[in-house]
Amino acid sequence: MPHIVPSARDRASASSEASTRSIWIEAFKAVRAETERRAAPLSPEDQNVQSMPDASPTKWHRAHTTWFFETFLLKAHAADYREFDPRFGFLFNSYYVAAGPRYSRPERGMITRPDAAEVAAYRAHVDTAVERLMQNADTAMLGKIVPIVEIGLHHEQQHQELMFTDILHAFAQNPTNPVCDPSWRMPVFGRGSDYVRIPPGIRSIGFEGEGFCFDNEQPAHQVLLREAVIARHLVTNGEWLEFIADGGYRAHDLWLSDGWAKVEAEGWQAPGYWREIEGRWFSLTLAGLKPVDPHAPVLQVSYYEADAFARWSGKHLPTEAEWEVAARAGLLADAFGVAWQWTRSAYLPYPGYRAAEGALGEYNGKFMINQMVLRGSSLATPEGHARASYRNFFHPPARWQFSGVRLLDYR
Ligand SMILES: [Fe+2]
């Protein structure tokens, strides 16, 4: 897929200002095009729906990622920029308090105007202005704007994943089981039940070196790991079927108290999009309703379910440090590209972490409470977006992401 933000190697090889400029213009075009590719199969009605407060309309994702470049890049650095519509800042700011007031998140689906075509025009207007800014920037200006373009592209890639997970949640509310993409296939995944030893002792985690990372991946620091073994492979649907058959969703003693409250309140009996039809399990995928493949990794489970499953298995979820050390050592199959993996680590600042000054300092730091870390990446993550130090985070009941489970044991 051609939508990769430049790597450290690309940047190192950009020997001239002209090549730096062209690398970033091409990256900008490729990432912006990928957003539109993901939205293209969806009708204007699809693009407006919001199926729950946590899930945003496709049209909103397309507009909000555009607002990000308009606000943090163009308004800040393009002297001749003409704002597309002064009302859009209120509509499409997500959570940046420093960037001004914003529309209520749970009601984004109420915004039928601007319609999908106007949002396309907004995107085109901003694309033209960003490309022109980069084209005309002198060396000093390039030095200022490239870091903003870079975070804007990584930000847009995060929303590309959410476009898939959010529309799938909307489609899961529709009894006709709509199809996002008939050609979608589950990615290739490994199989096996072996456990591998994680090197114990004092280890390093967090991002170091050249290239992009989010601020929450730093500072790199040392951790102390005890002897442990980690599953090479992800927990499968077949194993989840055993958990269900063994009464996993009915045994309160397997569950955290908050998790059991969710099981009772929401009637959970299986992963998010599973449906039992005439004694057989099906799951709503991006390609529509498909039989549950017992060999495939389980998807759409919450932290509470992952934790209960681990307890039922007599094992544990890894901490994020255990996961990262194992991933860096090359011990994990399907670390990336299939399912985010819940860890039992709370999403907290690394030792010495400080959020940046200004509006972009709101990107990660203020969410470091009441959420759990997931590691790896999923089948919906744009290629090249994640890395071993990447920290995703969601609230423990969330199960509309492509989130799965990898087990660990202490011996
Ligand atoms: Fe955002």
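Reader: Hi! How many bridges join β8 to β9, and which way do the two strands run?

Author: Hello! In this predicted model, strand β8 (residues 340–346) is joined to strand β9 (residues 372–375) by 3 bridges, and the two run antiparallel.

Reader: Nice. Which residue is the bridge partner of Gln341 in β9?

Author: That would be Arg375.

Reader: And what's the strand order in the sheet they belong to?

Author: The order is β10-β9-β8-β11, an open sheet of 4 strands with mixed pairing. At the edges sit β10 (392–394) and β11 (403–404), each of which pairs on one side only. Helix α11 (residues 320–328) packs on this sheet and touches β8 and β9. The direction of α11 makes about 135 degrees with that of β8.

Reader: Great, let's switch to helices. At what angle do α2 and α4 pack?

Author: Helix α2 (residues 17–39) and helix α4 (residues 58–77) pack at about 165 degrees, and their axes are 10 Å apart. An angle over 145 degrees counts as roughly antiparallel, so that is how α2 and α4 lie relative to each other.

Reader: Left-handed or right-handed crossing for α2 and α4?

Author: Left-handed. On the α2 side, the contact is made by Phe28, Arg32, Thr35, Glu36 and Ala39. From α4 come Thr58, Arg62, Thr65, Thr66 and Phe69.

Reader: How do the residues of that contact divide by type?

Author: For α2 with α4, there are 3 nonpolar, 4 polar and 3 charged residues.

Reader: One last thing: where does Ser302 lie?

Author: Ser302 is in the loop between β7 (288–291) and α10 (303–313).

Reader: Is Ser302 buried or exposed, and why?

Author: Ser302 counts as buried because its relative accessibility is 0%, and buried means under 20%.

Reader: What does Ser302 touch?

Author: Leaving aside residues up to four places away in sequence, Ser302 touches Trp268, Trp342, Pro396, Pro397, Ala398 and Arg399.

Reader: Thanks, that helps!

Conventions. Residues numbered from 1 in each chain as written. Predicted model: local features only at pLDDT ≥ 70, side-chain atom pairs only at ≥ 80, totals over all residues. Heavy atoms only, no water. Pairing = 2+ DSSP bridges. Contact = heavy atoms within 4.5 Å. Axes fitted to C-alpha atoms, helices over the stretch in contact; angles between N-to-C directions. Parallel < 35°, antiparallel > 145°, perpendicular 65-115°, else oblique. Left-handed = near helix turned anticlockwise from the far one by under 90°. Nonpolar A, V, L, I, M, F, W, Y, C, P; charged D, E, K, R; others polar. Buried < 20%, exposed > 50% of the residue type's maximum accessible area, 1.4 Å probe, protein only.
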